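Okay, everyone, let's get going.

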Amino acid sequence: MSDDAVYTAIPRWAAPGAPAGTGRHETRLPARVRAAAEALGVPFGTVLRAAHLRVLSALTSERSVSTTLVSPDGRATTGIDVPDGSWRDLVAVADRTPAVPGERTGDAALCPSGEPSEVDPEQVLLVWSAVDGDDLVLGVRYRTDALDADQVARIAGYHAAALTAIAEDPDAPHTTRSLLSDEEVEYQLHGLAGERAPLPEDHFLRLVAEQVALRPNETAVAHDGQRLTYRELADRANGVAADLLAAGLRPEDVVAVVADRTLDWAVATLGVFLAGGVYLPIRPDFPAGRVRTQLLRSRCRAVLHEPGSAALVEAATEGVETIGHVRVIADIPASDNPVDVAIGPDQLAYIYFTSGSTGEPKGAMCEHAGMLNHLLMKIEDFGIGAGDVVAQTASQCFDISLWQLVAPWLVGGSALLVDTDVQLDVPRFLDELDAAGVAVVQLVPSYFEVLLDHVEKRPRPLGSVRVVSVTGEALKLGPVHRWFARFPD
């Protein structure tokens, strides 16, 4: 393997600013571990090396491990593939690796026996040794500025678990054996979940209704210089709901909304929920065949659409027998008579179809309890409150579009619908955020980098923006550092 080969190093888990030094940890191993080496006909150091490779593979999520073998004569780098198969297969791979006093892989060092004077602890994070005494002990020396004691104890536990697994059943598949202790499984599944907060007993529409009563004349949603107040939004959405119910809509009947992200789209979306229907967003630029597939698979009962999508809807709905109601959103009269339909927490709220990248698109479903939980989480995470403006930037066929639109309505904020052509023009996009007083904006990493490049070349303040959420793709660390260098607050 060349010197410039790329590998994934073990993450460093010390707190920032942790003092430099050397710590020590010991983990006792069952006696049968040494007996396992004898049964496999290999030195104990080989079994320890096999366990170490399994742990490194798990820690780095890599199946090919780059290893520097340390010997009194110097060091040589080699690549070791961690194979699928049994522990016995893994031991065989380790046995084919030259037996040396010390071994370094990524940012870790393994020492099959004794204290390896050949390995400089200043250059590695961990040094392992198997110590013989009355008991078999796995000793760990580690850098305290790179790892804390708790993390070292967990990593040592992974080695002990791997060694125990080899001793118990060397012919079992090593990839299916968890290295986590029962305590860590409990911590990962439940300890990291945070405080369990009870959900309101009702659905999110009750919270929206409270805000309509509290602030009827404040802006609920805005787009392209136009706006709807909370009262206007509620009246128009109640009109949509009443129209659907009059057409015979039943609870959990699917209603497709075929519209661009406009005020009509916002009205139709809320109206479907108020009627107890299931919201199915469809972009008006989709091919008729794809739309038809979604209508058929969801057993759609009604379609609400913008005027410009009439031809698409006609082509896509032809022969779809479940659909009995098709309406232009703008033609539905408003109503100041609130619709009150009983909606349970386990009632289906919406369906989003996947992009179909792994085959045919599939409809992902969410119930009202899950939707409410997600909306409240976004409100809490981003600190959204009364008067806050949230930028609605996502395509209506991505589920994040829904929280961007609806979440501010639960607490007295508003949504700003930002057209795609505006987003593609970074200066114009920033101008719109500034003019509307946007507090929360969500971007995909690729666009985040484009925006970052722009503000680095042409520095400007972000106005009222206080939260930038980045989602949907892998986020690189470099742009994050650049962003906080430019906007530390």
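I'll start with how to read this, then go through the salt bridges.

This is a predicted model, so local features need pLDDT of at least 70 and side-chain atom pairs count only at pLDDT 80 or more, while totals for chains, interfaces and linings use all residues. Residues are numbered from 1 along each chain as its sequence is written, and side-chain values use heavy atoms, with hydrogens and water left out.

So, how many salt bridges are there? The count comes to 19, where a salt bridge is a side-chain nitrogen of Lys or Arg within 4 Å of a carboxyl oxygen of Asp or Glu.

Take arginine 143 and aspartate 145, whose side chains meet in a salt bridge at 3.2 Å, N to O. Is arginine 143 buried or exposed? Arginine 143 counts as buried, because its relative accessibility is 16%; the cut-offs are under 20% relative accessible area for buried, over 50% for exposed, and partly exposed in between, with a 1.4 Å probe and protein chains only. Aspartate 145, at 32%, is partly exposed.

Next up, arginine 206 and aspartate 340 form a salt bridge at 3.0 Å, N to O. Arginine 206 is partly exposed at 33%, and aspartate 340 is exposed at 56%.

Then there's glutamate 456 with arginine 482, a salt bridge at 2.6 Å, N to O. Both ends are partly exposed: glutamate 456 has a relative accessible area of 29%, and arginine 482 has 27%.

Last one: Arg32, Glu168 and Arg177 are linked in a network of salt bridges.
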